[in-house]
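This briefing goes through one protein structure, topic by topic. Keep the sequence and the structure in view while reading.

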Amino acid sequence: MEIKQIRMGIVGAGTWGRTHASIYAEHLFADPVAICDMNEARAREIADEFGIRKVYTDYHDMAADEEIDAVAIVTPFTEDGKINYPVLKDLIEFQLANGT
């Protein structure tokens, strides 16, 4: 049986972004392909550490990437209101915010 990996995008390059990148990099069914954060250096650091191929500073650009199957939004609770969820359409996997 062929295993299809879900190609993941990660919005947020803080503690939770690094945690998700680590988990996806080790998971049999996940392939972290992109990470997005306004702080490009922080996103690139995580990308380099976990072999993530693409770095974005604007989630609109990441949402347009047809290589991504799903996205994890792991931004701080205070930043969530700044994200236009409809732009991410069907890519939203889940959201970790404020301990939920």
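Asp31 and Arg53 form a salt bridge, with the closest N and O atoms 3.4 Å apart; a salt bridge is a side-chain nitrogen of Lys or Arg within 4 Å of a carboxyl oxygen of Asp or Glu. Asp31 lies in strand β2 and Arg53 in the loop between α2 and β3, so the pair ties together parts that are 22 residues apart in sequence. The model is predicted: local features need pLDDT of at least 70, side-chain atom pairs count only at pLDDT 80 or more, and totals for chains, interfaces and linings use all residues. Residues are numbered from 1 along each chain as its sequence is written, and side-chain values use heavy atoms, with hydrogens and water left out.

**Overall layout**

- The protein has four helices and five strands, where helices (H or I, at least four residues) and strands (E, at least two) are DSSP runs numbered from the N terminus.
- Along the sequence these elements follow the pattern β-α-β-α-β-α-β-α-β.
- The protein has 100 residues, and 41% of them count as buried; buried means under 20% relative accessible area, exposed means over 50%, and partly exposed lies in between (1.4 Å probe, protein chains only).
- Among the contacts in the protein with a separation of 6 or more, 52% are between residues 24 or more positions apart, a contact being heavy atoms within 4.5 Å.

**Strands and their pairing**

- Strand β1 (residues 6-11) pairs with β2 in the parallel sense over six bridges; two strands pair if DSSP finds at least two bridges between them.
- Within this pairing, Met8 stands opposite Pro32 in β2.
- β2 also pairs with strand β3 (residues 54-56), in the parallel sense and over three bridges.
- Here Cys36 stands opposite Tyr56 in β3.
- β1 and β4 run parallel and are joined by four bridges, and the bridge partner of Ile10 in β4 is Ala72.
- β2 is mostly covered, since seven of its seven residues are buried.
- In a regular strand the side chains alternate between the two faces of the sheet.
- In strand β4 (residues 70-73), Ala70 and Ala72 point one way, Val71 and Ile73 point the other way, and all are buried.

**Crossovers**

- β1, α1 and β2 make a right-handed β-α-β unit; right-handed means that, with the strands pointing away from the viewer, the path from the first strand over the helix to the second runs clockwise.
- From β2 the chain crosses through helix α2 (residues 40-50) to β3, and this β-α-β crossover is right-handed.

**Salt bridges**

- The count of salt bridges comes to 10.
- Glu49 and Arg18 form one, with the closest N and O atoms 2.1 Å apart.
- This pair links distant parts of the chain, with Glu49 in helix α2 and Arg18 in helix α1, 31 residues apart.
- Glu49 has a relative accessible area of 46% and is partly exposed; Arg18 is also partly exposed, at 27%.
- In the pair of Asp31 and Arg53, Asp31 is buried, with a relative accessible area of 19%, whereas Arg53 is partly exposed at 47%.
- Arg53 also meets Glu67 in a salt bridge, at 2.8 Å from N to O.
- Arg53 lies in the loop between α2 and β3 and Glu67 in the loop between α3 (59-63) and β4, so this pair ties together parts that are 14 residues apart in sequence.
- Glu67 is partly exposed, with a relative accessible area of 24%.

**A nonpolar surface patch**

- Ile3, Leu28 and Phe29 make a nonpolar surface patch of about 280 Å².
- Patches are made of residues with over 30% relative accessible area and no salt bridge; like charges are joined within 9 Å, and nonpolar side chains (Val, Leu, Ile, Met, Phe, Trp, Tyr) within 5 Å.
- Phe29 sits in the loop between α1 (15-26) and β2 (30-36).
- Phe29 counts as partly exposed because its relative accessibility is 40%.

Terms used:
Accessible areas come from the Shrake-Rupley method with a 1.4 Å probe; for residues, only the protein chains shown count as cover.
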